[in-house]
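Dear colleague,

I am passing on the structure we spoke about, and below it I have set out what came up when I went through it. Please read the notes with the model open beside you.

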Amino acid sequence: MHRRNLVRLLTVTSILMLSWLLTSTVKATPPDPSLLKDINQDTADAFIDNPVALGQTAFFAATNGTHGNELWKSDGSASGTVLVKDIFPGPDHGDPSELTVMDGKVYFAVDDGTHGVELWVSDGTEAGTSLVKDINPSSDADPTEMVALNNTLYFRADDGTQGEELWMSDGTTAGTTLVKDINPGSGDALGNELTVFEGMLYFAANDGTHGMELWESDGAASGTTMVRDINAGSASSDPGALTVAGSQLFFVADNGTDPGQLWVSDGTTPGTQLVKVIRPGDNPFLSDLEAMGGQIYFTAFESTHGTELWTSDGTGSGTRIVKDIISGSDPSWPRNLFGFNNSLYFRADDGTNGDELWKSDGTVTGTAMIKDLNPGTSSSRPGDFTAFDGVIIFQADHEDYGRELWRSDGTEERTSLVKDIRVGGFSSDASPVVIANGSLLIEAEDGEIGNELWRMDGASDEPFLVKDINQTTAGAFPHDFTSVGGTTFFVADDGEHGGELWKTDGSAGGTMMVKDIHPGERGTDIGSMAVLGNSLFFKAEDETHGRELWISDGTADNTALVKDIYPGTEDSSVDETTPMGNLVFFEAENESKGQELWVSDGTRTGTTMVKDINPGSGDSYPESLVVMGNRLFFAAENAAQGSELWASDGTTDGTSLVKDIMPGSDSSYPSYLVVSDGSLFFAAGDPTHGEELWVSNVTHTGTTMVKDINPGSGSSRPNHLVPADGSVYFAADDGSNGEELWVTDGTAGGTRRVKDINPGSGGASLEEMVAAGGNVFFMAEDATHGSELWYSDGTTDGTMLVKDISPGASSTYVDTIIYARGLAIFDATDPTHGEELWQSDGTGAGTTLVEEIAAGQLEANIEALALTGGNVYFGATDVDHGNEVWYFDAYPFNTYLPMVTRSLSS
């Protein structure tokens with residue numbers, strides 16, 4: 001072949017290929033999400049709560065990971081520990097609460113998904129578990145404060161018409177009625193703590209005339225009356241902490257002169273009296289009232305002794321401090337009072353041994369520490385006391401065991417650890433649940449399975465697992481995905497170390513914890529991540545320092561505290577980390593200055609305060625940090641100018657107020673700062689126009705209001721500003737149409753409402769706006785549909801509902817929308833699949849479920865959806881794993897080169 005012909009052929013071929021590349025359309029491809037790694041393989045918690053005993057059976061609320069939080073029962077055996085009924089079908093939670101035994105049945109409040117939170121009853125069988133009455137047909141009756149008296153259940157409920165009032169039930173629909181409309185009309189009457197005393201019911205109530213006072217009821221409207229108007233007139237005495245001791249009812253009340261004092265009642269007006277003014281004219285902060293031996297014990301504060309243990313027999317002379325555990329005005333903080341076998345058990349701090357286990361017989365000499373459970377000045381913080389088999393069982397801290405279960409008969413010798421359920425210094429957080437069938441049921445976590453049901457048969461026996469109710473895995477709950485080069489950092493909990501810094505290269509083998517910054521299961525509070533070069537900046541706390549600025553290159557050795565800005569364990573409250581050039585800017589405070597603007601180059605010496613904008617210890621609260629060119633813009637405040645727009649080049653002299661938009665000490669409160677085509681857009685208020693849209697070219701004169709959208713002094717309150725290909729979309733209210741979608745090019749003439757999505761003044765309630773090229777996806781609601789996915793190209797006709805995912809007036813709940821693969825990727829909840837991952841190309845047909853990650857009745861619970869490092873990462877739950885790291889490639893394209901079929905000789 002001649003050279004000229006060959007060159008001509010190659011040239012033609014090149015032109016054809018180039019022409020195809022310029023004219024062909026790159027097709028968006030649907031994502032294919034995969035589980036990256038099962039970081040936390042521990043089984044999840046059963047979340048045992050609200051236990052009661054009925055005969056030989058314990059009833060409680062729990063979840064097995066499939067049915068949500070529902071009603072369970074146990075006879076203490078694995079086979080006898082079963083779900084009673086899936087009241088709210090599927091993975092949603094019925095959340096049974098207020099479990100109360102009456103006449104051989106258990107009554108409780110629960111949501112079945114149809115009637116709201118209403119009164120239910122159960123005999124322990126599925127068929128015998130049913131709604132008693134739909135008290136509030138339009139919403140939740142929310143029955144609370146349940147108590148049984150003479151085979152009648154009394155409780156507080158709201159029928160939607162008469163407010164929260166006193167109700168009663170005999171377990172039948174017809175027998176479930178309002179006792180009395182104490183506060184006539186829709187006003188709420190009932191306070192807390194329905195208490196049985198001398199065959200009557202006592203409680204706090206407000207009749208609309210006398211304020212919140214002490215009332216009593218015998219179950220009849222005529223027998224429901226105020227006991228005494230303690231704080232005369234319309235003011236309230238706010239009776240609380242109602243506690244029966246012998247033939248007296250003690251409580252705390254405010255008579256208008258001496259607040260929070262101890263009162264006593266025999267149920268009559270004359271017999272309802274102030275016991276003693278412990279702190280004249282001021283609140284003594286009475287708490288932890290506990291009856292023992294016909295007397296009442298409690299903690300109280302007064303200036304001479306501090307907060308100490310007190311007792312009362314109902315008379316002024318018989319009301320006294322038991323013992324000044326720390327002599328003088330320093331408090332010992334007694335709490336968790338528990339009476340058993342004529343002794344009062346409690347925790348207190350004597351100033352030497354820390355917060356430890358004490359007991360008292362009511363005398364000075366008989367009040368002493370039982371044992372220093374956590375030796376030295378460390379505290380064991382005993383609590384959750386329960387009497388069982390002649391001893392008290394409780395939980396306490398120990399430096400070697402963590403928080404575990406202990407026992408005591410009141411002597412030092414026989415006060416000991418029951419069992420180190422979660423070995424290795426970790427805490428099982430074991431806590432007594434209820435005594436049933438002669439055994440003590442316990443909830444605890446052993447480190448391999450979650451918080452589950454355990455059993456203890458005798459005071460000297462070791463507890464053992466009854467049943468692993470929730471066998472689904474716990475989940476790492478990953479979040480804060482941020483990429484540095486080829487590494488993506490995130491926060492996760494592996495079940496052993498708590499929330500710590502992790503990294504991944506996109507493979508399971510390359511997914512690992514970077515460093516255990518705060519050793520132990522507690523983890524650290526990581527957040528405010530920013531990338532500078534090959535380093536990740538973030539806030540974290542370790543065992544020695546509070547929340548401070550840290551840096552990491554992805555190795556444990558080079559993951560370190562940058563500087564202890566606020567020395568010691570105090571937090572410098574690092575936030576708003578923002579890179580600019582070779583520096584990271586952030587807000588922080590130290591021991592002498594408030595929240596101010598700081599800068600760091602990653603070294604201790606190179607981490608300094610930029611400027612004390614609000615001089616002295618005052619806070620300037622720098623926020624909404626954004627970079628435009630070689631300057632940082634942000635909102636900050638001082639005493640002279642209030643909260644205004646500031647700019648900084650990283651030096652003290654180069655940090656200055658851009659413009660005092662609201663002159664003087666009043667604030668314009670700049671917010672929603674974004675950069676578009678070399679201009680800074682934000683919302684701010686001036687003295688004439690209210691809060692409107694502003695633009696700045698970084699100069700004083702170049703900082704102006706774009707348009708008075710809500711004319712005059714009214715505010716349009718621009719929010720959710722999103723730059724999109726030279727335009728800025730935002731939500732605003734023009735005063736007539738409610739909050740709707742707007743767009744601007746930075747001029748008044750180019751600032752217009754895109755569409756009145758929800759006609760009238762109601763507004764469309766825009767949320768989660770994200771740019772898609774020059775267009776936007778967002779959530780909005782119109783007159784027909786709830787909050788759903790919308791799309792706009794900036795024109796009225798091109799602004800439309802994409803798809804009614806939850807049909808009708810119901811809303812689709814979306815937390816995050818990102819744009820990747822030419823698609824909007826988002827989490828959404830529909831009636832069939834629950835919360836799953838969705839995709840949209842802007843059309844109804846192209847808006848589909850990506851994949852049902854959690855098949856069946858479960859929900860995927862999509863969390864922390866983020867586009868970073870070329871991948872989309874998120875947390876999700878499937879049928880085999882808890883909330884773990886999932887991902888897919890953000891930018892694969894289906895492109896095909898055309899085949900050349902003609903031979904060279906042609």
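Is Arg381 buried, partly exposed or exposed? In this model, which is predicted, Arg381 is partly exposed, with a relative accessible area of 36%. Arg381 forms a salt bridge with Asp397, and the closest N and O atoms of the two are 2.3 Å apart. Arg381 sits in the loop between strand S29 (368-371) and strand S30 (383-388), while Asp397 belongs to strand S31 (residues 391-398), so that the pair links distant parts of the chain, 16 residues apart.

The count of salt bridges comes to 16, and two further ones may interest you. Glu521 forms a salt bridge with Arg422, with 2.7 Å between the closest N and O atoms. Because Glu521 lies in the loop between strand S41 (512-515) and strand S42 (527-532), and Arg422 in the loop between strand S33 (416-419) and strand S34 (431-436), the pair ties together parts that are 99 residues apart in sequence. Glu521 is partly exposed at 28% relative accessibility, whereas Arg422 is buried at 6%. Lys593 forms a salt bridge with Asp612, where the closest N and O atoms are 3.0 Å apart; Lys593 counts as partly exposed, at 26% relative accessibility, and Asp612 as buried, at 18%.

Turning to the aromatic residues, a search of the whole structure finds 14 aromatic pairs. Among them is the edge-to-face pair of Phe197 and Tyr202, at 5.6 Å centre to centre and with 65° between the planes; Phe197 is buried, with a relative accessible area of 2%, and Tyr202 is buried as well, at 3%. Phe385 and Phe394 form a tilted pair, 5.5 Å centre to centre with 45° between the planes, and here Phe385 is buried at 11% and Phe394 at 0%. Phe481, Phe490, Trp502, Tyr873 and Tyr887 form one aromatic cluster.

Finally, there is an open sheet of 4 strands in the order S54-S55-S56-S57, with antiparallel pairing. Its edge strands are S54 (671-676) and S57 (703-707), each of which pairs on one side only, and the twist averages 35° from one strand to the next. S54 is joined to strand S55 (residues 679-686) by 4 bridges, and Val674 stands opposite Phe681 in S55.

Terms used: Residues numbered from 1 in each chain as written. Predicted model: local features only at pLDDT ≥ 70, side-chain atom pairs only at ≥ 80, totals over all residues. Heavy atoms only, no water. Pairing = 2+ DSSP bridges. Helix = DSSP H or I, 4+ residues; strand = E, 2+ residues; numbered from the N terminus. Axes fitted to C-alpha atoms, helices over the stretch in contact; angles between N-to-C directions. Phe/Tyr/Trp six-rings, centres within 6.5 Å; stacked < 30°, edge-to-face > 60°. Buried < 20%, exposed > 50% of the residue type's maximum accessible area, 1.4 Å probe, protein only. Salt bridge = Lys/Arg side-chain N within 4 Å of Asp/Glu carboxyl O.
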